[in-house]
Amino acid sequence: MNLIFLGAPGAGKGTQAKRVMEKYKIPQVSTGDILREAVKNNTPLGQKAQEFMNKGLLVPDGIVIGIIEETLKDTSFSKGFILDGFPRTIPQAESLDKVLAKLSINLDYVINFQIVEEVLIKRLSGRRVCRECGQLYNIYFNPPIKENYCNQCGQELYQRKDDNIETIRERLKVYDVQTAPLIEYYENKRKLFTIDGNNEQGYIFSQLCNFLEN
Ligand code: AP5
Ligand code: MG
(Lines give C-alpha, C1' and ligand atoms only; values in the text may rest on other atoms or scores of the structure.)
(Ligands and ions follow the chains in the order given, each with its own letter.)
Protein backbone atom coordinates (compact mmCIF):
# COMPACT_ATOMS: atom_id res chain seq x y z
CA MET A 1 0.00 0.00 0.00
CA ASN A 2 1.40 3.38 -1.02
CA LEU A 3 0.32 6.13 1.34
CA ILE A 4 0.89 9.78 2.10
CA PHE A 5 0.40 11.09 5.65
CA LEU A 6 -0.67 14.71 5.55
CA GLY A 7 -1.29 17.01 8.51
CA ALA A 8 -0.11 19.99 10.51
CA PRO A 9 3.03 19.79 12.66
CA GLY A 10 2.09 17.71 15.70
CA ALA A 11 -0.99 16.16 14.07
CA GLY A 12 0.40 12.68 14.79
CA LYS A 13 1.82 11.67 11.39
CA GLY A 14 5.01 10.19 12.83
CA THR A 15 3.24 8.50 15.75
CA GLN A 16 0.75 6.74 13.47
CA ALA A 17 3.33 5.97 10.77
CA LYS A 18 5.42 4.06 13.32
CA ARG A 19 2.38 2.03 14.37
CA VAL A 20 1.41 1.24 10.76
CA MET A 21 5.02 0.31 10.01
CA GLU A 22 5.07 -2.12 12.92
CA LYS A 23 1.72 -3.76 12.17
CA TYR A 24 1.77 -3.92 8.36
CA LYS A 25 5.54 -3.77 7.73
CA ILE A 26 5.05 -0.77 5.46
CA PRO A 27 8.17 1.42 5.81
CA GLN A 28 7.92 5.08 6.80
CA VAL A 29 9.78 7.63 4.70
CA SER A 30 9.93 10.86 6.72
CA THR A 31 11.60 13.79 5.01
CA GLY A 32 11.87 15.46 8.43
CA ASP A 33 13.78 12.46 9.84
CA ILE A 34 16.03 12.24 6.75
CA LEU A 35 16.84 15.95 7.01
CA ARG A 36 17.47 15.81 10.79
CA GLU A 37 19.84 12.88 10.25
CA ALA A 38 21.70 14.90 7.59
CA VAL A 39 21.96 17.85 9.98
CA LYS A 40 23.26 15.60 12.75
CA ASN A 41 25.93 14.18 10.43
CA ASN A 42 26.73 17.63 9.08
CA THR A 43 26.50 16.46 5.45
CA PRO A 44 26.23 18.99 2.59
CA LEU A 45 22.45 18.36 2.58
CA GLY A 46 22.30 18.96 6.33
CA GLN A 47 24.27 22.19 6.03
CA LYS A 48 21.83 23.49 3.42
CA ALA A 49 18.71 22.39 5.29
CA GLN A 50 19.62 23.41 8.83
CA GLU A 51 18.86 27.12 8.74
CA PHE A 52 15.43 26.60 7.18
CA MET A 53 14.51 23.92 9.72
CA ASN A 54 15.64 25.95 12.72
CA LYS A 55 13.48 28.85 11.58
CA GLY A 56 10.46 26.61 11.04
CA LEU A 57 10.52 27.22 7.30
CA LEU A 58 10.28 24.62 4.56
CA VAL A 59 13.48 23.43 2.96
CA PRO A 60 13.42 24.44 -0.75
CA ASP A 61 11.33 22.17 -2.98
CA GLY A 62 14.23 21.16 -5.23
CA ILE A 63 16.16 19.68 -2.30
CA VAL A 64 13.33 17.58 -0.84
CA ILE A 65 12.07 16.45 -4.24
CA GLY A 66 15.58 15.19 -4.95
CA ILE A 67 15.60 13.21 -1.68
CA ILE A 68 12.26 11.56 -2.44
CA GLU A 69 13.15 10.80 -6.04
CA GLU A 70 16.35 9.04 -4.97
CA THR A 71 14.66 7.16 -2.15
CA LEU A 72 11.85 5.85 -4.35
CA LYS A 73 14.24 4.95 -7.15
CA ASP A 74 16.83 3.20 -5.01
CA THR A 75 14.71 1.30 -2.53
CA SER A 76 12.45 -1.60 -3.29
CA PHE A 77 9.22 -1.10 -1.38
CA SER A 78 7.65 -4.51 -1.74
CA LYS A 79 4.90 -3.73 0.82
CA GLY A 80 4.55 -0.11 -0.22
CA PHE A 81 5.55 3.02 1.70
CA ILE A 82 4.27 5.81 3.89
CA LEU A 83 5.44 9.25 2.87
CA ASP A 84 5.37 11.16 6.18
CA GLY A 85 5.66 14.92 5.71
CA PHE A 86 6.07 14.86 1.94
CA PRO A 87 4.69 16.45 -0.19
CA ARG A 88 4.21 19.75 1.60
CA THR A 89 3.68 22.17 -1.28
CA ILE A 90 1.76 21.99 -4.55
CA PRO A 91 4.99 21.88 -6.62
CA GLN A 92 6.20 18.95 -4.47
CA ALA A 93 2.91 17.13 -5.10
CA GLU A 94 3.13 17.74 -8.83
CA SER A 95 6.71 16.48 -8.91
CA LEU A 96 5.71 13.41 -6.92
CA ASP A 97 2.97 12.65 -9.46
CA LYS A 98 5.60 12.71 -12.20
CA VAL A 99 8.12 10.58 -10.29
CA LEU A 100 5.47 7.97 -9.44
CA ALA A 101 4.26 7.87 -13.04
CA LYS A 102 7.83 7.41 -14.27
CA LEU A 103 8.39 4.51 -11.86
CA SER A 104 4.90 3.05 -12.56
CA ILE A 105 3.93 3.34 -8.91
CA ASN A 106 0.31 3.95 -7.97
CA LEU A 107 -0.57 6.15 -5.02
CA ASP A 108 -3.36 4.54 -3.00
CA TYR A 109 -4.45 7.03 -0.34
CA VAL A 110 -3.61 10.31 1.29
CA ILE A 111 -4.47 10.19 5.00
CA ASN A 112 -5.22 13.66 6.27
CA PHE A 113 -4.88 14.04 10.05
CA GLN A 114 -7.17 16.90 10.91
CA ILE A 115 -6.71 18.64 14.22
CA VAL A 116 -7.62 21.80 16.12
CA GLU A 117 -4.70 24.17 16.42
CA GLU A 118 -4.93 24.72 20.21
CA VAL A 119 -3.68 21.23 21.08
CA LEU A 120 -0.76 21.35 18.67
CA ILE A 121 1.34 23.72 20.77
CA LYS A 122 1.14 21.38 23.77
CA ARG A 123 1.83 18.33 21.61
CA LEU A 124 4.91 19.90 20.05
CA SER A 125 6.33 21.63 23.10
CA GLY A 126 5.81 18.45 25.12
CA ARG A 127 7.30 16.09 22.54
CA ARG A 128 10.42 14.11 23.42
CA VAL A 129 12.19 11.73 21.03
CA CYS A 130 14.49 8.79 21.70
CA ARG A 131 17.99 9.50 20.46
CA GLU A 132 18.55 5.85 19.67
CA CYS A 133 15.34 4.36 18.20
CA GLY A 134 13.27 7.47 17.40
CA GLN A 135 10.33 6.45 19.61
CA LEU A 136 8.03 9.42 20.28
CA TYR A 137 6.85 10.56 23.72
CA ASN A 138 5.00 13.49 25.16
CA ILE A 139 5.51 14.79 28.68
CA TYR A 140 1.79 15.74 28.88
CA PHE A 141 0.04 13.00 26.91
CA ASN A 142 2.34 10.02 26.69
CA PRO A 143 5.23 10.28 29.15
CA PRO A 144 7.95 7.61 29.38
CA ILE A 145 7.88 5.34 32.43
CA LYS A 146 11.30 6.61 33.58
CA GLU A 147 11.57 10.36 33.12
CA ASN A 148 13.63 11.28 30.05
CA TYR A 149 14.52 7.69 29.10
CA CYS A 150 13.04 5.50 26.37
CA ASN A 151 10.71 2.66 27.42
CA GLN A 152 11.87 0.55 24.48
CA CYS A 153 15.65 0.84 24.43
CA GLY A 154 16.52 2.72 27.63
CA GLN A 155 18.40 5.53 25.86
CA GLU A 156 18.05 9.21 26.67
CA LEU A 157 15.29 11.33 25.12
CA TYR A 158 15.86 14.73 23.50
CA GLN A 159 13.75 17.68 22.45
CA ARG A 160 13.76 18.73 18.79
CA LYS A 161 15.37 22.09 18.13
CA ASP A 162 12.29 23.33 16.28
CA ASP A 163 9.93 22.39 19.13
CA ASN A 164 10.13 25.79 20.88
CA ILE A 165 7.14 28.15 20.99
CA GLU A 166 8.47 30.70 18.51
CA THR A 167 9.41 28.12 15.88
CA ILE A 168 6.23 26.13 16.48
CA ARG A 169 4.14 29.23 15.68
CA GLU A 170 6.11 29.76 12.47
CA ARG A 171 5.67 26.10 11.43
CA LEU A 172 1.91 26.31 11.97
CA LYS A 173 1.76 29.44 9.80
CA VAL A 174 3.82 27.77 7.09
CA TYR A 175 1.48 24.77 7.20
CA ASP A 176 -1.62 26.95 6.70
CA VAL A 177 -0.17 28.84 3.76
CA GLN A 178 1.94 26.24 1.93
CA THR A 179 0.69 22.78 2.91
CA ALA A 180 -3.05 23.03 3.64
CA PRO A 181 -3.85 23.58 -0.10
CA LEU A 182 -2.82 19.94 -0.63
CA ILE A 183 -6.07 18.85 1.03
CA GLU A 184 -8.03 20.16 -1.94
CA TYR A 185 -5.41 18.90 -4.39
CA TYR A 186 -5.88 15.30 -3.23
CA GLU A 187 -9.62 15.68 -2.69
CA ASN A 188 -9.88 16.52 -6.39
CA LYS A 189 -7.91 13.37 -7.20
CA ARG A 190 -10.29 11.36 -4.94
CA LYS A 191 -7.39 10.09 -2.85
CA LEU A 192 -8.12 11.84 0.42
CA PHE A 193 -9.25 10.14 3.62
CA THR A 194 -9.60 12.43 6.61
CA ILE A 195 -9.14 11.20 10.17
CA ASP A 196 -9.95 13.14 13.33
CA GLY A 197 -6.49 13.55 14.85
CA ASN A 198 -7.83 15.02 18.09
CA ASN A 199 -8.68 11.62 19.53
CA GLU A 200 -6.52 9.34 21.61
CA GLN A 201 -3.62 7.66 19.71
CA GLY A 202 -4.94 4.11 20.01
CA TYR A 203 -8.39 5.10 18.81
CA ILE A 204 -6.94 6.94 15.80
CA PHE A 205 -4.87 3.88 14.97
CA SER A 206 -7.89 1.56 15.13
CA GLN A 207 -9.79 3.85 12.73
CA LEU A 208 -6.80 3.90 10.42
CA CYS A 209 -6.54 0.09 10.44
CA ASN A 210 -10.25 -0.18 9.75
CA PHE A 211 -9.88 2.04 6.74
CA LEU A 212 -6.78 0.29 5.40
CA GLU A 213 -8.32 -3.16 5.76
CA ASN A 214 -11.75 -2.40 4.25
P1 AP5 B 1 8.84 17.18 10.20
O2 AP5 B 1 9.79 16.40 10.99
O3 AP5 B 1 8.02 16.49 9.19
O4 AP5 B 1 7.90 17.96 11.22
P5 AP5 B 1 6.40 18.45 11.12
O6 AP5 B 1 5.68 18.39 9.84
O7 AP5 B 1 6.46 19.76 11.75
O8 AP5 B 1 5.61 17.38 11.88
P9 AP5 B 1 5.99 16.81 13.24
O10 AP5 B 1 6.98 15.72 13.12
O11 AP5 B 1 6.30 17.95 14.17
O12 AP5 B 1 4.55 16.24 13.73
P13 AP5 B 1 3.89 14.82 13.54
O14 AP5 B 1 2.61 15.01 12.81
O15 AP5 B 1 4.84 13.80 13.03
O16 AP5 B 1 3.51 14.52 15.07
P17 AP5 B 1 4.09 13.40 16.08
O18 AP5 B 1 3.54 12.09 15.71
O19 AP5 B 1 5.54 13.54 16.29
O20 AP5 B 1 9.60 18.39 9.47
C21 AP5 B 1 10.53 19.17 10.19
C22 AP5 B 1 11.12 20.22 9.28
O23 AP5 B 1 11.83 19.60 8.20
C24 AP5 B 1 10.12 21.16 8.58
O25 AP5 B 1 9.77 22.24 9.40
C26 AP5 B 1 10.92 21.58 7.33
O27 AP5 B 1 11.87 22.55 7.66
C28 AP5 B 1 11.66 20.30 6.96
N29 AP5 B 1 10.89 19.47 6.04
C30 AP5 B 1 10.42 18.21 6.26
N31 AP5 B 1 9.73 17.76 5.20
C32 AP5 B 1 9.77 18.76 4.28
C33 AP5 B 1 9.21 18.91 2.97
N34 AP5 B 1 8.49 17.92 2.41
N35 AP5 B 1 9.45 20.07 2.33
C36 AP5 B 1 10.17 21.05 2.87
N37 AP5 B 1 10.70 20.99 4.10
C38 AP5 B 1 10.51 19.84 4.80
O39 AP5 B 1 3.33 13.87 17.42
C40 AP5 B 1 3.67 15.09 18.06
C41 AP5 B 1 3.57 14.93 19.58
O42 AP5 B 1 2.21 14.67 19.95
C43 AP5 B 1 4.37 13.75 20.15
O44 AP5 B 1 4.88 14.13 21.40
C45 AP5 B 1 3.35 12.63 20.30
O46 AP5 B 1 3.69 11.75 21.36
C47 AP5 B 1 2.07 13.41 20.59
N48 AP5 B 1 0.86 12.78 20.04
C49 AP5 B 1 0.72 12.19 18.83
N50 AP5 B 1 -0.53 11.76 18.65
C51 AP5 B 1 -1.22 12.10 19.77
C52 AP5 B 1 -2.57 11.93 20.20
N53 AP5 B 1 -3.49 11.33 19.42
N54 AP5 B 1 -2.92 12.42 21.41
C55 AP5 B 1 -2.00 13.04 22.20
N56 AP5 B 1 -0.71 13.21 21.87
C57 AP5 B 1 -0.32 12.75 20.66
MG1 MG C 1 6.89 13.81 12.39
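## A walk through the chain

Of the 214 residues of the protein chain, 45% count as buried, where buried means under 20% relative accessible area, exposed over 50% and partly exposed in between, with a 1.4 Å probe and protein chains only. Before you start clicking: this is a predicted model, in which local features need pLDDT of at least 70, side-chain atom pairs count only at pLDDT 80 or more, and totals for chains, interfaces and linings use all residues. Residues are numbered from 1 along each chain as its sequence is written, chains are lettered from A and ligands numbered from 1 in the order in which they are written, and side-chain values use heavy atoms, with hydrogens and water left out.

**The whole chain.** Show the cartoon and you will find nine helices and eight strands; helices (H or I, at least four residues) and strands (E, at least two) are DSSP runs, numbered from the N terminus. The radius of gyration is 17 Å, close to the 17 Å that the globule rule gives for 214 residues, so the chain is as compact as a globular protein of that length. That radius is taken over C-alpha atoms, and the rule is 2.2 Å times the number of residues to the power 0.38. Switch to the C-alpha trace, which spans about 45 × 40 × 30 Å along its principal axes. Among contacts between residues at least 6 apart in sequence, 70% join residues at least 24 apart; contact means heavy atoms within 4.5 Å.

**Stop one: Asn2.** Select Asn2, in strand β1 (residues 2-7). Asn2 is buried, with a relative accessible area of 14%. Beyond its neighbours within four places in sequence, Asn2 is in contact with Gly80, Phe81, Ile105, Asn106, Leu107, Asp108 and Tyr109.

**Stop two: Thr31.** Now move to helix α2 (residues 31-40), where you will find Thr31. Its relative accessibility is 3%, and Thr31 therefore counts as buried. Setting aside neighbours within four places in sequence, show Val64, Ile68, Asp84, Gly85 and Phe86 to see what Thr31 contacts.

**Stop three: the aromatic rings.** Display the Phe, Tyr and Trp side chains: the structure holds six aromatic pairs. Rings (for Trp, the six-membered one) pair if their centres lie within 6.5 Å; planes under 30 degrees apart count as stacked, over 60 as edge-to-face and the rest as tilted. Zoom in on Phe5 and Phe113, whose ring centres are 5.1 Å apart with planes at 70 degrees, so this pair is edge-to-face. The pair links distant parts of the chain, with Phe5 in strand β1 and Phe113 in strand β4 (residues 109-114), 108 residues apart. Both Phe5 and Phe113 are buried.

Next, select Phe193 and Phe211: their ring centres are 3.7 Å apart and their planes at 5 degrees, so the pair is stacked. Here strand β8 (residues 192-196) supplies Phe193 and helix α9 (residues 201-213) supplies Phe211, 18 residues apart. Phe193 has 25% relative accessibility and counts as partly exposed.

**Last stop: Cys150.** Go to the loop between β6 (136-138) and β7 (157-158) to find Cys150. Is Cys150 buried or exposed? Cys150 is buried, with a relative accessible area of 5%. Not counting residues up to four places away in sequence, Cys150 touches Cys130, Cys133, Gln135, Tyr137, Gln155 and Leu157. To finish, draw a C-alpha to C-alpha distance from Cys150 to Leu192: the two are 42 residues apart in sequence and 34 Å apart in space.
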